[in-house]
Amino acid sequence: MSYVQRRRFLWILFLAGLALLAVAASATTLTRLRFEELAKQATAVARLRCLGAEARWENGEIWTDTRFEVVEQEKGLLPGLVRFERLGGTDRRPAFAEWKEAGVSCGEEAYVFLWSREGEPHRILGWSQGTFRIARDARTGVETVTQDAAAAPIFDPRTREFRRSGIRNLPWRVFN
């Protein structure tokens with residue numbers, strides 16, 4: 001291999017290494033938060049009801065604005081109407097990124113752990129870990145709670161493994 005070929009090869013290796021570092025640096029690992037940690041770190045905790053969502057195009061990207069009514073507040077101060085703005089969605093059926101890609105239905109309720117800094121909008125704490133969807137059995141009227149993160153593999157620092165766990169179909173009276 002000539003000097004020029006070796007030099008070109010080394011440059012290619014160098015650039016490939018930089019690309020790998022950039023990809024590794026942008027990767028996110030979600031660390032599991034215990035329920036107690038969610039409650040402690042949250043600046044607001046509330047039961048919210050979805051009033052609607054609208055998707056819009058902005059600079060070639062789809063953004064979704066979702067509006068919620070505060071049904072019950074446990075911690076912090078929230079206005080009666082809470083609005084989340086997130087990147088993502090579709091122009092036919094809006095999706096709310098932190099409420100799964102399936103989207104949020106008008107009237108759907110959830111118990112959420114929120115976090116914010118002064119002067120910034122609220123965000124759901126721990127991504128999907130801070131969202132507990134509330135379902136009502138049409139026949140019995142019994143409400144159950146399922147954590148959005150229950151189906152997602154989340155890193156557990158104690159076991160140093162990815163696990164699927166979380167609250168699933170827990171009766172509301174037990175959860176609350």
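The legends below describe close-up views of a predicted model.

Residues are numbered from 1 along each chain as its sequence is written. In this predicted model, local features need pLDDT of at least 70 and side-chain atom pairs count only at pLDDT 80 or more, while totals for chains, interfaces and linings use all residues, and side-chain values use heavy atoms, with hydrogens and water left out.

**View 1. Confidence along the chain.** The protein chain has an average pLDDT (the predictor's confidence in each residue, from 0 to 100) of 79, and 79% of the residues score at least 70. Over residues 22-27 the pLDDT is below 50, and this stretch has zero contacts (heavy atoms within 4.5 Å) beyond near neighbours in sequence. Residues 93-102 also stay under 50, although the model gives them 40 contacts beyond four places in sequence. Where pLDDT is low, the predicted coordinates should not be read in detail.

**View 2. The largest nonpolar core.** A nonpolar core is a set of buried Ala, Val, Leu, Ile, Met, Phe, Trp, Tyr and Cys residues joined through side-chain atoms within 4.5 Å, where buried means under 20% relative accessible area, exposed over 50% and partly exposed in between, with a 1.4 Å probe and protein chains only. The largest such core has 13 residues, of which Leu48, Phe68, Val70, Leu78, Val82, Phe84 and Leu114 touch the most other members. At least two residues come from each of β1 (44-58), β2 (61-75), β3 (81-87) and β4 (109-115), these strands being DSSP runs (E, at least two residues) numbered from the N terminus. The largest share, four residues, is supplied by β1.

**View 3. Strands β2 and β3.** The two strands run antiparallel and are joined by seven bridges, strands being paired if DSSP finds at least two bridges between them. Arg67 has Arg83 in β3 as its bridge partner. Five residues lie between the strands of this hairpin, in which Gly76 takes a positive phi near 75 degrees.

**View 4. The surroundings of Ser116.** Ser116 is found in the loop between β4 and β5 (123-124), and it counts as buried because its relative accessibility is 17%. Leaving out residues up to four places away in sequence, Ser116 touches Thr43, Pro121 and His122. The side chains of Ser116 and His122 make a polar contact at 3.5 Å, a term for a pair of N or O atoms within 3.5 Å, of which, within protein, one must be able to donate a hydrogen and the other to accept it, while residues adjacent in sequence count only if both atoms are side-chain atoms.
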